[in-house]
Every structure is written in structure tokens, then in C-alpha cells.
Amino acid sequence: MAITNVAEYAHLSGADLDALAVALEAIRRDIEDSRGEKDRTYIQRTIAFQRCLDVAARLVIGGSRSKVGWALGTAALAVAKSIENMELGHNIGHGQWDWMNDPEIHSSTWEWDMVGVSSQWRYSHNYRHHVFTNIVGVDDDLGYGVLRVTRDQRWQPSNLLQPLRNLLLAITFEWGIALHGLHSEHERTATDAEKSTHTRALIRKIARQAGKDYVLFPALGPRRWRRTLTANAAANLLRNVWAYVVICCGHFTDGAEKFTPAALGGETKPEWYLRQMLGTANFRAGPVLAFLSGNLCYQIEHHLYPDLPSNRYAEIAPRVQAVCATYNLPYTTGPLARQYLLTLRTISKLALPDHFLAATSDDAPETLSENRFRNVGKQSHLSSVRDDSRPAARIGYSNTGPNKSVSAD
């Protein structure tokens, strides 16, 4: 269900909301004050590991002659690409490591290994998505313009093709992100000349990526170029699907609330935190799965603190859970497979017009929170950590984090 007014969750008084923000800001200060050599070592080792894995995978693909060797090399290359995109490109692009003042590991200089242009993505993602999270018609990441994921998005006949669109989005995710970033840049650009500049930048990036994966590396082994070409294509496909699954589970699964633009009217910073908590969802993961997901299994913590180092989210999570329990707020989490299956259910269901669906926007299983909070007085303890709940976060956004005064990058 989409919420038209954050005040719908009025079991929290104004004083409660202020105290909530104070508690969340205290967590931020503690992490900022403790950043140091351990974090610096982490990101440097991650970059070194990713690059070594990439080289090793390509050597195995090119040097082995068996199908097993090809499969192992391809899988390793897909993992290397996933780490680069999610734990490196995504998180560096958020400014999580800008505090080091390292010109090579900085949001303004890092260009990731995918067809999208990093600078265009930073605007569409860091600003449009993180400031206006799950606001229908404002957050372009809400369904990516091709999926209906809430009943507050008007149904159109083309939504009948939504299951197919969903499959195509997963397969071509990096291309969707690239076009998504270009669209956002065009929307904020004043002149046709500027739009043309952004378009040319994307075309150059696509040519560079396609040339690397589908021309340069296959050409290094001319007798076995097909083997390398198919391995690169397969690795990109696997990376795309994995990134798509992780991202969808953070915002489209049951319990991740959607909001109408009315929620933005006079929104304060504590209310922004509240919207982020309700609009995001985690999935449970051990250290390896967390690393492979770019630590976006902690989507709640990421939306609260998008500019804090991702390796600290596991440390932050128990404190955020405690805040949720203190203020009777839900903390949505669950196994990865379950979270994604719930996402698929919503996408498949909302392909149909609302009159074919038994539930309404008030009692749909994917959005139960309004009724839960409306009846808060009748319940003894609504939350703490539970599956099928909701999450937490902060307001406005510069490239390094949310603020009341909003800027683009």
C-alpha cells in the first residue's frame, strides 16, 4: 500500500521522532569518528582482490581447454564483475571512501566496469533515488519505469507484459541502469547541447565496454576467440541477474512501503528517516554473501547511511534494530530466496488490473503497515526484528550523504 502521509504512523509523537533522529545520528557519529586504517586497508585489499580475481579468471578462460575450465573461469569472472559493480563501484560512487582523500578511490573519479556512466548514475541514484526513496512518480528506481510494483502506480494494458519485462530487466540490468542514468541527466539538463553531450558520453562508455569484453579480450586469443567471447557474455549476464536480484529485494519485496508525493510536503529530517526505514528491506546473509552483494543485504542501513563504509554495516545493523525495537518500528528482513519470491509475487500480481485482485491498497500483503500502525494501541509489541516488517534512514542528499538542503552530486 502506498502511504500518502508519513504522519499515518502517528503512534510516534514529535518528541519520539526527534529522539529517533538523535539515536540514528549518534550511530553515524560513532562510525565517522572511528573510521581509520582498518577501513582503508579493507577497501584497498578489496580492490586488489577483485583485480587479481579478474585477471585469474581471464587466464583460466583463455588457457584451459576443458568445459570445466571454461565454466570455472566464467563463474570467477562473474564474481569479479559483481564485486567491482557492487562493493566497489556502487559504494565508492556513494562517497563512502571520500574521507580518505585518495584520488583513485573517490566518488568523483571512479568509473565502474559496466556500460553506464558513473557520473550519470550518481545523479539518478544518489539524488533521485536516495532522497526520494519509493516516492511514486519521483523515485525513478521504483519499478525502473517498466514495472508496476505498487497499486498507486496506475495500471496500463502494457503491464500485462510485466512478467516478461521483469525477465528482460534482469538479463539486461546494466543496460537499463545506463539508460536510466541518461534519462535522469536529460531531465535535469537545460539545453539540447547539454543533452547531446551526455548522450555522447554514454555512447563512448558503451563502445569502450563492448570493445573490451567483445573485441579486445577475444582478439588476444584469435584461435579461441569464441570461447572468450561467450565467457565474457555469460559473466556479464550472471552479474546483471545477481545485481538485479539484490536491488529488487531491497525495495520491491513485501514490507518495503511505497509513498505518494504528499509524503514530501513539509517533510522533516526525522520523518525522512522514518520513510527510509519503512521503504527499504534487508535479506539475511553471512559474511561471504554480504560481500558479494556489496553489503546491500543491509539495505536499511545503506539508506540510513549511504555514505558510510559498507564494511561497517554489519556493525551498524544491531544498533539500528535496537532503535526500531525501542520505537515500535518494523525492521524488514528474511532469507534471500524468500524475499525475492515475494518480489516476484508482487510483480506478477500487479500485472493485472486492481479489480482482478482480492486485496486493496489498504490490506495488500505487500503493504500491511498502515493497518498495523493504525491498530498500534491494541497490540503489545509490534516489532523488533521480524520478517515481513519494514526498515530505517536520513533527509536531502549531497554526494556524500543526506542533508536538509539538497544538491545533485
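Q: Which helix does L164 lie in?
A: L164 is part of helix α5. Helices here are DSSP runs of H or I with at least four residues, numbered from the N terminus. By the way, this is a predicted model, where local features need pLDDT of at least 70, side-chain atom pairs count only at pLDDT 80 or more, and totals for chains, interfaces and linings use all residues. Residues are numbered from 1 along each chain as its sequence is written, and side-chain values use heavy atoms, with hydrogens and water left out.

Q: Is L164 buried, exposed or partly exposed?
A: L164 counts as partly exposed because its relative accessibility is 48%. Buried means under 20% relative accessible area, exposed means over 50%, and partly exposed is in between (1.4 Å probe, protein chains only).

Q: OK, new topic: how do α4 and α6 cross?
A: The axes of α4 (residues 118–131) and α6 (residues 173–188) come within 8 Å and cross at roughly 80°. So α4 is roughly perpendicular to α6, a label for angles of 65 to 115 degrees. The axes are lines fitted to C-alpha atoms over the stretch in contact, with angles from 0 to 180 degrees between N-to-C directions.

Q: And where is Y305?
A: Y305 sits in the loop between α11 (299–304) and α12 (313–326). Y305 is buried, as its relative accessible area is 0%.

Q: What does Y305 touch?
A: Beyond neighbours within four places in sequence, Y305 is in contact (heavy atoms within 4.5 Å) with residues including L24, I27 and R28. Y305 and L24 are 281 residues apart along the chain, yet their C-alpha atoms are separated by 9.3 Å.

How values were computed: Helices (H or I, at least four residues) and strands (E, at least two) are DSSP runs, numbered from the N terminus. Angles under 35 degrees count as roughly parallel, over 145 as roughly antiparallel, 65 to 115 as roughly perpendicular and the rest as oblique.
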